[in-house]
Amino acid sequence: MDTRAKKRAAAEAALRYVEDDMVLGIGTGSTVEEFIGALGASRVRVRGAVSSSAATSARLRDAAIPEIDLNSAGDLPLYVDGADQATPHGVLIKGGGGALTREKIVAAASSRFVCIIDDRKLVDLLGAFPLPVEVIPMARSYVARRVVALGGEPVWRQGFVTDNGNVILDVHNLRIEDPVALEARIDAIAGVVTVGLFARRGADELLVAGDDGVRRIAVSGP
Ligand code: 5RP
């Protein structure tokens, strides 16, 4: 099975968590696009969805799924999103698509986070995928120096501006052995908006698509 087919299989498996009249949170990325397509084509009629990016809002419009502002939605029963890497403990690297800040907000506001991935993203140790950090533009060089002091190699994602008007540093060569501590350390650097490490609030369940179908991993925490 190719990667696209695996993404579709994980996305379709997430449909069983969605109920009629629900307002759910929806992440960003190509796996999520498969989910939005499957949800739009399904018999389930949700009340609406809280979007994590302009790209997802456009996909929701295509699928005729009403978008609801998080400020009027209250807490959400469900958040469905992809990831760039995930451990079996539900700790994630996210932000390959640059939507990490809004994704982290919607995940935090949701009581259940179902993460949909293909099996090449499931790892025991995070870090082979560069860790995205959203940064206020004037703080870019300062934050980069602080990240170097932590042992990382930051690379400015040139030409990319987030939906919030900020820039992204992709941090290479970090060994992420204590993700909760690293998330707190990077978040504490002045000028950092969000680090794409989802450890404090990781996924509650992983749906991992492989050649033999979709495996569900219920998470017990980092
Ligand atoms: C966007 C993300 C995505 O979830 C992540 O990049 C995975 O994307 P894809 O499903 O396209 O592989 O964090 O900010």
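# Close-up views of a predicted model

**α1 passes α2 in a right-handed crossing.** Handedness is read from the near helix, which is turned clockwise from the far one by less than a right angle in a right-handed crossing and anticlockwise in a left-handed one. Helices (H or I, at least four residues) and strands (E, at least two) are DSSP runs, numbered from the N terminus. Axes are lines fitted to C-alpha atoms, for helices over the stretch in contact, with angles from 0 to 180 degrees between N-to-C directions. Under 35 degrees counts as roughly parallel, over 145 as roughly antiparallel, 65 to 115 as roughly perpendicular, and the rest as oblique. From α1, Arg4, Lys7, Arg8, Ala11 and Glu12 take part in the contact, and from α2, Ser30, Thr31, Glu34, Phe35 and Ala38. Sorted by class, the contact has three nonpolar, two polar and five charged residues. Contact means heavy atoms within 4.5 Å. Ala, Val, Leu, Ile, Met, Phe, Trp, Tyr, Cys and Pro count as nonpolar, Asp, Glu, Lys and Arg as charged, and the others, Gly among them, as polar.

The model is predicted, so local features need pLDDT of at least 70 and side-chain atom pairs count only at pLDDT 80 or more, while totals for chains, interfaces and linings use all residues. Residues are numbered from 1 along each chain as its sequence is written, and side-chain values use heavy atoms, with hydrogens and water left out.

**The axes of α2 and α3 come within 9 Å and cross at roughly 20°.** That angle makes α2 roughly parallel to α3. The crossing of α2 past α3 is right-handed. Val32, Glu33 and Ile36 stand on the α2 side of the contact, and Thr56, Arg59 and Leu60 on the α3 side. By class, these are three nonpolar, one polar and two charged residues.

**Glu33 and Arg59 form a salt bridge through their side chains, at 3.6 Å from N to O.** Glu33 sits in helix α2 and Arg59 in helix α3 (residues 54–62), so the bridge links distant parts of the chain, 26 residues apart. A salt bridge is a side-chain nitrogen of Lys or Arg within 4 Å of a carboxyl oxygen of Asp or Glu. Glu33 has a relative accessible area of 37% and is partly exposed. Arg59, at 30%, is also partly exposed. Buried means under 20% relative accessible area, exposed over 50%, and partly exposed in between (1.4 Å probe, protein chains only).

**Leu60 in helix α3 is buried, with a relative accessible area of 0%.** Not counting residues up to four places away in sequence, Leu60 touches Ile26, Ile36, Ala49, Ser51 and Ile65. Gly40 is 20 residues from Leu60 in sequence, and their C-alpha atoms are 8.4 Å apart in space.

**A salt bridge joins the side chains of Asp21 and Arg47, with 3.5 Å from N to O.** Distant parts of the chain are linked here: Asp21 belongs to the loop between α1 (3–13) and β1 (23–26), and Arg47 to the loop between α2 (30–41) and β2 (48–51), 26 residues apart. Asp21 counts as partly exposed at 47% relative accessibility, and Arg47 is partly exposed at 48%.

**Met22 lies in the loop between α1 and β1.** At 11% relative accessibility, Met22 counts as buried. With neighbours within four places in sequence left aside, Met22 is in contact with Tyr17, Val46, Arg47, Gly48, Pro77 and Leu78. Met22 and Arg45 are 23 residues apart in sequence, with 8.0 Å between their C-alpha atoms.

**Asp118 and Arg120 form a salt bridge whose closest N and O atoms are 2.8 Å apart.** Asp118 is buried at 1% relative accessible area, whereas Arg120 counts as exposed at 53%. Elsewhere, salt bridges that share partners join Lys104, Glu183, Asp187 and Arg200 into one network. The structure holds 18 salt bridges.

**Arg102 is placed in helix α5 (residues 100–108).** Its relative accessibility of 33% counts as partly exposed. Apart from neighbours within four places in sequence, Arg102 is in contact with Ser52, Asp163 and Asn164. Between Arg102 and Ala5 there are 97 residues of sequence separation and 27 Å in space, C-alpha to C-alpha.
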